[in-house]
Amino acid sequence: MSRMRALVVVLLFSASLPVWQEARAGNSLPDFTLIVAKAAPVVVNVSTVRQDDTLAGNLPPSSSQSDTSPDWYQRFFGSDGSTDTPPDDDGNTNGDDSLAESLGSGFIIGADGEILTNYHVIENADSISVKLADRRVLPARVLGVDTGSDLALLKVDAHGLPVAEIGDARRLKVGQWVLAIGSPFGFDQSVTAGIVSAEGRNIGSEQYVPYIQTDVPINPGNSGGPLLNLQGQVVGINSEIYSRTGGYQGVSFAIPINLAMDVVAQLRKHGHVIRGWLGVNVADLTQDMAASLHLQRPQGALVRGVIAASPAARAGLKAGDIILSYDGTEVASSEALPPLVGSTLAGRQVAIVIMRGGARKTLQVAIAALPASQQTATVEAATEPPGSFDVLGLALRGLTGTERQAFAVPEGGALVEHVSDGAARRAGLRPGNIVLSLDGVRVSSPRQFQRLESQLPDGESVPILIRRQDNTLFLALRSGSK
């Protein structure tokens, strides 16, 4: 009997635990209602129309979508992954199949109608309209865009609008509560909450953006909306998701507001962004490399190459140097360097601490403006799809302007993106190599390389000249032995 009584007491106590824990958790949570009341009036819905089938206003997932989707996903995205045209206030949809509509978010940064959003929300749009929190729908025009940070500055004809309070993303800490307000799937003024899960993320799309990573639920349509701290201040712009389905899976990324407002200032002044330029190609250190240099851990950015006549070259940086700090800020990895350099004003002198030959050394570098030719070349190269595997087992593409200068290849050549099983792999080619010539003939492009390989004598070894980091190498490639 006493054992039964004890069991009952334990069961009753156990049953009360969730309620007690929930009450305690409830007491520790912030009051999000005040934050939403403060910030919601500045959040807008951005919609675009253009004459094709591609939608610009969706959050771009950072990984490929799966082939199978649940019914709700099909309903919002359609079988091809594109968002359905949402109904208007009367429940109607646009019946013109030649028009593609998309939705995104944004927020007001100027009482006279300035609005900040993502560039990919309005990319290639024929017309842009903005729905304010008071339900007014106004046409918008583009004041300026910056593809390097995926930002766009819009303008609507209005006055006396509420303006977002700008915070400081540098004060964010991992674990801190943050909120997002936007239009996921076209649902206006939707609020989600979560925490900062990491800082300074580089996700391979924009090298000049040290993203804020959060677990705030973000979905297509949230693009361009604000990320808010507990004071209701904007600390980021929701921009990317990491997903296998195109929907929220626990990881989302926001552009730090400090970087965004620097971009806005330049767009207002110049209509475009001028970035700082150092002129180095960098990579991360391995554990073995760090140990050989008597570093306690892999840190810094390893200089793989220095562009001739660049600020780095004039300051004396050399391949093999390790950049440990830039302008007083520690460089933890290679991906941390581009945002620091890009945000530096052209002409400014900065101190760079390097490790060379086991000793620390400080160099003074006069940062220059990133040449427009490099930016243009990078954009043009990005439009060329990667090549498929050829008969030798190579997937090739053209070089960007930055890659040409970093690897001292002023013209021609083909960059190896992938190597499958076959003759090329057996010859020693690896991803990242640059093919300069094949069987004594200079390679001018990936397409020309494919023509050359089709003319190779079957079963014979031919020389292939490649550029690998700072070295130019001849390899023996046996054709017809895939």
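Colleague: Why is Arg356 called partly exposed?

Modeller: This is a predicted model, and in it Arg356 has a relative accessible area of 24%. Buried would need under 20% and exposed over 50%, so a value in between gets the label partly exposed.

Colleague: And what makes Asp321 count as buried?

Modeller: Asp321 comes out at 2% relative accessibility. The cut-off for buried is under 20%, so Asp321 goes in that class.

Colleague: How do you know that the side chains of Arg356 and Asp321 meet in a salt bridge?

Modeller: Look at the N to O distance, which is 2.7 Å. A side-chain nitrogen of Arg within 4 Å of a carboxyl oxygen of Asp is what the term asks for, so the pair passes. Arg356 sits in strand S18 (residues 349-356), while Asp321 is in the loop between helix H7 (311-315) and strand S16 (322-326), so the bridge ties together parts 35 residues apart in sequence.

Colleague: What makes Asp157 and Arg141 a salt bridge?

Modeller: Same test: the N to O distance is 3.4 Å, and the limit is within 4 Å, so they qualify. This pair links distant parts of the chain, with Asp157 in the loop between strand S6 (151-156) and strand S7 (177-182), and Arg141 in strand S5 (residues 137-146), 16 residues apart.

Colleague: Let's turn to the rings. Why is the pair of Tyr211 and Phe253 called edge-to-face?

Modeller: Two values settle that one. The ring centres are 6.1 Å apart, and the limit for a pair is within 6.5 Å. The planes make an angle of 75°, and over 60 counts as edge-to-face, so that is the name. The structure holds 2 aromatic pairs.

Colleague: What parts of the chain does the pair of Tyr211 and Phe253 link?

Modeller: Distant ones: Tyr211 is in strand S9 (residues 211-214) and Phe253 in strand S12 (residues 252-256), 42 residues apart.

Colleague: Are Tyr211 and Phe253 buried or exposed?

Modeller: Tyr211 has a relative accessible area of 0% and Phe253 has 6% relative accessibility. Buried means under 20%, so Tyr211 is buried, and so is Phe253. Across the protein, buried residues make up 45% of the 482 residues.

Colleague: What makes Leu29 count as partly exposed?

Modeller: Leu29 has 43% relative accessibility, which lies between the 20% and 50% cut-offs. You'll find Leu29 in the loop between helix H1 (2-28) and helix H2 (32-39). Together with Trp177 and Leu230, Leu29 makes a nonpolar surface patch of about 240 Å².

Colleague: And what does the secondary structure of the protein come to?

Modeller: The count is 12 helices and 26 strands.

Definitions and conventions:
Residues numbered from 1 in each chain as written. Predicted model: local features only at pLDDT ≥ 70, side-chain atom pairs only at ≥ 80, totals over all residues. Heavy atoms only, no water. Phe/Tyr/Trp six-rings, centres within 6.5 Å; stacked < 30°, edge-to-face > 60°. Helix = DSSP H or I, 4+ residues; strand = E, 2+ residues; numbered from the N terminus. Buried < 20%, exposed > 50% of the residue type's maximum accessible area, 1.4 Å probe, protein only. Patch = residues over 30% accessible without salt bridge, like charges linked within 9 Å, V, L, I, M, F, W, Y side chains within 5 Å. Areas by Shrake-Rupley, 256 points an atom, 1.4 Å probe, with all protein chains shown as cover.
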